[in-house]
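This briefing is intended to be read alongside the sequence and the structure. Please keep both in view while going through the points below.

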Amino acid sequence: GGVHDLLLLASSSTHIHTTGLHVAEEVAGRAELREQALHEAFPAATIVRPASMFGDEDRFLNRIALMGGSFPFIPMVDGGASKQQPVYVDDAAAAIVECVANPECAGQTYTLAGPRAYTNKELTQYVHKTIAEPYAGVDVPAGVGMALAFGVQQLPDPWLTCDAIRRESVDLVMPDGAPGLAALGVAAPVAIEDVAERYLMRFKKNVSHFVDEEEQKVVRAPN
């Protein structure tokens, strides 16, 4: 009886170099305490910390694209200088499967991050260029960004939230020496530039549809 195998999918902000909002630092600290408590209760538990994930239906790059085509500006906390190291969802999934299947992963902690780190400004500029929209980032202090996000997140299905602002206020990058995708058999992780253009193209305003060659189907632009 009892629990023999346990895997926790945690936030990558648990173990990062925090340089932003004090609230984000407190959240990271509480999360780390929870992980410590988990390992004390279940020493064989495996903890996986994925970075922001990108893929066809993500709420990461798609969120930036939707905002870029719908709003006059996008708030960039402290000029978008904080960094992220996003991971492709298929790579994260493969790593998690390895954690479940490989008993040697028991008791270990893995951080899943992609091959390249970007500033939030670079990510926003990339998305805007891909969807042929002028860059609309506006430098705002963290407090102003939180106030805007608080208002927007009251709407149904919000694409700007306080949690997103918190994540954009700290560096979310791979800690030095931490085991990650390579340790779980993902030797060649996919970068944003490898796949994102394919699914972001639908946000171009002058494109009514395009052919997704990989899926062999017609994809229409969002309404």
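The structure is a predicted model. It contains five salt bridges, and its cavities of 30 Å³ or more number two. The largest pocket holds about 430 Å³ of space.

**Salt bridges**

- Arginine 59 and aspartate 157 form a salt bridge in which the closest N and O atoms are 3.1 Å apart. This pair links distant parts of the chain, 98 residues apart: arginine 59 belongs to the loop between β3 (53-54) and α2, and aspartate 157 to the loop between α5 (142-152) and α6. Arginine 59 is partly exposed, its relative accessible area being 46%.
- Glutamate 193 meets arginine 116 in a salt bridge, at 2.9 Å from N to O. Because arginine 116 sits in the loop between β7 (109-112) and β8 (118-119) while glutamate 193 sits in helix α7 (residues 192-200), the pair ties together parts that are 77 residues apart in sequence. Arginine 116 counts as partly exposed at 39% relative accessibility, and glutamate 193 counts as partly exposed at 35%.
- A salt bridge joins lysine 205 to glutamate 133, with 3.6 Å between the closest N and O atoms. Glutamate 133 is in the loop between α4 and β9 and lysine 205 in the loop between α7 and β10 (209-212), so this pair ties together parts that are 72 residues apart in sequence. Glutamate 133 is buried, with a relative accessible area of 17%, whereas lysine 205 is exposed, at 62%.

**Largest pocket**

- The lining of the largest pocket consists of 21 residues, and Ser52, Arg59, Phe60, Asp163 and Arg167 are those nearest its centre.
- Helix α6 (residues 162-167) gives the most to this lining, contributing three residues.
- The lining of the largest pocket comprises 10 nonpolar, five polar and six charged residues.

**Largest cavity**

- The largest cavity holds about 100 Å³ of space.
- Its lining has 13 residues, with Arg63, Ile64, Met76, Thr124 and Glu168 nearest the centre.
- At least two lining residues come from each of α2 (61-70), β4 (74-77) and α4 (120-130).
- By class, the lining of the largest cavity has eight nonpolar, three polar and two charged residues.

**Surface patch**

- A nonpolar patch on the surface is formed by Phe73, Val138, Val144 and Leu148, which together have about 280 Å² of accessible area.
- Valine 138 lies in strand β9 (residues 137-140) and is partly exposed, with a relative accessible area of 35%.

Note on methods
Residues are numbered from 1 along each chain as its sequence is written. This is a predicted model: local features need pLDDT of at least 70, side-chain atom pairs count only at pLDDT 80 or more; totals for chains, interfaces and linings use all residues. Side-chain values use heavy atoms; hydrogens and water are left out. Patches are made of residues with over 30% relative accessible area and no salt bridge: like charges are joined within 9 Å, nonpolar side chains (Val, Leu, Ile, Met, Phe, Trp, Tyr) within 5 Å. Accessible areas come from the Shrake-Rupley method with a 1.4 Å probe; for residues, only the protein chains shown count as cover. A salt bridge is a side-chain nitrogen of Lys or Arg within 4 Å of a carboxyl oxygen of Asp or Glu. Helices (H or I, at least four residues) and strands (E, at least two) are DSSP runs, numbered from the N terminus. Buried means under 20% relative accessible area, exposed over 50%, partly exposed in between (1.4 Å probe, protein chains only). On a 1 Å grid over the protein atoms alone, a cavity is a set of points where a 1.4 Å probe fits but cannot get out, and a pocket is an open set with protein on both sides within 12 Å along at least five of seven lines; lining residues have an atom within 4 Å of a point. Grid points are joined across faces, edges and corners, and a volume is the space filled by probe spheres set on the points. Ala, Val, Leu, Ile, Met, Phe, Trp, Tyr, Cys and Pro count as nonpolar, Asp, Glu, Lys and Arg as charged, and the others, Gly among them, as polar.
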